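Let's learn to read a protein model together, one feature at a time.

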Amino acid sequence: MRTMRSVTAALAGAAVALGLVVAVAAPANAAVPDGYYLQPFDPTVWRVDDGVARAISPEEWAAAGFPRPAPSPTDYVQYPWSWTIYAVTFWDDAEATWDWDRLDASQWRASGSPVPRPTGWIAGSWLYRFSTAPDENFVEAPDRSVHKLTHDEWAATGFRTPGSRYDEGFLKLSWAPNVMWMTGLSTGVGRSITYDDWQRQAFPTPRVVQRVVNDRFYKSATSPVIYYQGPAFHRAITAEEWVGAGRPAPEIRTP
């Protein structure tokens, strides 16, 4: 038997290959008639009045005489790069009226184990760029997964305007292998990251530099060994590394 992951992965892969990943859009004339509605994955009853939907309390439902709720106009979507499935309920044509829910396994089964369709945008996602790679768009989904968007994937979001992480980004020293995640480019605040850290951020392209703001080269007055101190590391460096850094004059520190 095929698992949920294999089915959704196959669907997502086929959709990407055919260029079918699109932003979520409400069906034509999505506005639902006034009345009571129930989403299959949640016991909350919704009331629609004059096109406005709101979740009601059990007491309000009881006061209305327990009218039988109609099935909600709900669709199921996911990002092709994430396993998480989301339900989106179209109460009206306007995107602001839609209700989004991130489903767990039991809610997905309660919905009938639907195969979600791949989509280009899910509410609650964050689209952004790092100042060190201004041509790369990233999206962080509500489940915290991060993905670097291709141009077609950005188009599938509706070319939403990315936010700017203007003082944050990734650097790499031209003379050392470390990739640094800088949380303060203007002040030189950051840290060397592992490959796994970089992968979790979807591999932002690092800007290659010789120096970082507020880094230091120093040596003892009694030793020829030069040390580097910066966000990438703090250690003795080789002559080749010093040359690669531009032969900066080291500070002389007394023992």
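This is a predicted model: local features need pLDDT of at least 70, side-chain atom pairs count only at pLDDT 80 or more; totals for chains, interfaces and linings use all residues.

Q: What is the mean pLDDT of the protein?
A: pLDDT is the predictor's confidence in each residue, from 0 to 100. Here the mean is 90, and 88% of the residues reach 70 or more. Be careful with residues 1–20, though: the pLDDT there is below 50, and the stretch has 23 contacts in the model beyond near neighbours in sequence. (Contact means heavy atoms within 4.5 Å.)

Q: How do strands 1 and 2 pair, parallel or antiparallel?
A: Strands of a sheet pair through backbone hydrogen bonds, either parallel or antiparallel. A strand is a DSSP run of E with at least two residues, numbered from the N terminus, and two strands pair if DSSP finds at least two bridges between them. Strand 1 (residues 35–38) and strand 2 (residues 45–49) are antiparallel, with four bridges, and Tyr 36 has Arg 47 as its bridge partner in strand 2. The two strands make a hairpin with six residues between them. Strand 1 also pairs with strand 4 (residues 70–71), this time in the parallel sense over two bridges, where Tyr 37 stands opposite Ala 70.

Q: What is the order of strands in the open sheet of four?
A: The order is 11-10-9-12, and the pairing is mixed. Strand 11 (146–149) and strand 12 (163–165) are at the edges with a single partner strand each, so one side of each has no neighbour in the sheet. Strand 9 (residues 126–130) runs parallel to strand 12, joined by three bridges; Arg 129 has Ser 164 as its bridge partner in strand 12.

Q: Which residues touch the most other members of the largest nonpolar core?
A: In soluble globular proteins, nonpolar side chains tend to be buried together. A nonpolar core is a set of buried Ala, Val, Leu, Ile, Met, Phe, Trp, Tyr and Cys residues joined through side-chain atoms within 4.5 Å. Buried means under 20% relative accessible area, exposed over 50%, and partly exposed in between, using a 1.4 Å probe and protein chains only. The largest core has 16 residues, and Leu 173, Trp 175, Val 212, Tyr 228 and Phe 233 touch the most other members. Strand 13 (169–173), strand 14 (179–184) and strand 18 (226–229) each supply at least two residues of this core. A second, separate core has 14 residues, including Trp 121 and Val 139.

Q: Is Tyr 79 buried or exposed?
A: Tyr 79 counts as buried, because its relative accessibility is 1%. This residue lies in the loop between strand 5 (74–78) and strand 6 (86–89), and its contacts beyond four places in sequence include Trp 121 and Val 139.

Q: How many aromatic pairs does the structure hold?
A: There are 21. Rings of Phe, Tyr and Trp (its six-membered ring) pair if their centres lie within 6.5 Å; planes under 30 degrees apart are stacked, over 60 edge-to-face, and the rest tilted. Trp 175 and Phe 217 are tilted, at 5.9 Å centre to centre and 45 degrees between the planes. Both Trp 175 and Phe 217 are buried. The rings of Tyr 218 and Tyr 227 are stacked, because their centres are 5.4 Å apart and their planes are at 15 degrees.

Technical notes
Residues are numbered from 1 along each chain as its sequence is written. Side-chain values use heavy atoms; hydrogens and water are left out.
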